[in-house]
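Could you walk me through this structure, stop by stop? I have it open in my viewer and would like to know what to select next.

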Amino acid sequence: MPFQINRRNLIATSAATASLAAAPWVRAQSFPERQLTIVVPAPPGGTADISSRAISDPLGKALGQTVAVDNKGGGNGAVGAQVVINARPDGHTMLMAYSGFHCMSPHLVKLPYDPLKDLQAIANVYSAPQVMVVRSNLGIKTVQELIAYAKKNPGKLNYGSSGNGSVQHIATELFKQISGTFITHIPYRGSGPTITDLLASQIDLTVTTAPSLMPHIQSGRFTPLVVAGPRRLASLPNVPTGAEAGLKGYEVDAWFALYTHAQAPKAAVDRIASEVQKIMAVQAFKDRATSLGAEANFIGPREMMAYAQAEYDKWGKVIKSAKITAD
């Protein structure tokens, strides 16, 4: 009798173990089970929105489910991020994270969550390096000329940004630290007014992503000096990177990456990442990014988590040393 009881227990235990072992396989095979959503933590029209809409349709076709785009702007990205954090942790709700919100805002404002712990990366989609331009009638043609002029005339030059604590503000303060220059900061309420005043020669330079600058570069009103990225932009092939211009460490990429709940199943994260990588390998997708002054730059889940941590640490030091504060 004892032998029979033990044998029955053994059989029951083995069956339970087999069932548990099969569970992840079952979940992987059934994902996705319903419509997916990409939450954009910003209003329509920006690069986060553009990135989401570029990837949503082909991703939906690859996964066999609709992928909706839902704009939830506000709170330095917190409104959109919390929608994802509060959703079911099954991978069906994603966030198009923006590097400024993800790695800079936590050093400037108190967020009700930890972006590095409460969210997990799926894949980077677009990267758009910042570009420094001066008004052409300033007569400066290279970044070396700008540095020389700024050092000879400390405080005479001024630059515009989208506001205190913006990526443009932080990017230019990093330039000042690396180059040893003093340039006066003029904060605006957005990049539009900044560009308007640069066109009117009310300010001398600005740093922002390429799409809003390209018409004025092509017309000759703005002179591009440096691309704050690891590679030159295809749309600005003659403009050097920070490293090429002698500004070691001057890299300010605005990146846009898919994230989801920190507790979402690995199988779901890896499935989405695999499909995104295939989509981004298509030439038409790459060409679309290039036309916007961006790059289709795939980075997988684990590499993206490590990259975001490095970015968080880097910008925390810059913000602290430059004594940057938010509005």
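**A tour of rings and a helix**

Start by selecting Trp 255, which is buried, with a relative accessible area of 0%. Here buried means under 20% relative accessible area, exposed means over 50%, and partly exposed lies in between (1.4 Å probe, protein chains only). Before moving on, note that this is a predicted model, where local features need pLDDT of at least 70, side-chain atom pairs count only at pLDDT 80 or more, and totals for chains, interfaces and linings use all residues. Residues are numbered from 1 along each chain as its sequence is written, and side-chain values use heavy atoms, leaving out hydrogens and water.

Next, look for ring partners. Rings of Phe, Tyr and Trp (its six-membered ring) pair if their centres lie within 6.5 Å; planes under 30 degrees apart are stacked, over 60 edge-to-face, and the rest tilted. The structure holds 5 aromatic pairs.

Select Tyr 126 and Phe 285: their ring centres are 5.9 Å apart and their planes at 55°, so this pair is tilted. Tyr 126 sits in strand E4 (residues 119–135) and Phe 285 in helix H10 (residues 283–291), 159 residues apart. Helices (H or I, at least four residues) and strands (E, at least two) are DSSP runs, numbered from the N terminus. Both Tyr 126 and Phe 285 are buried.

Tyr 307, at 27% relative accessibility, is partly exposed.

Finish at helix H6, where 11 of its 13 residues are buried.
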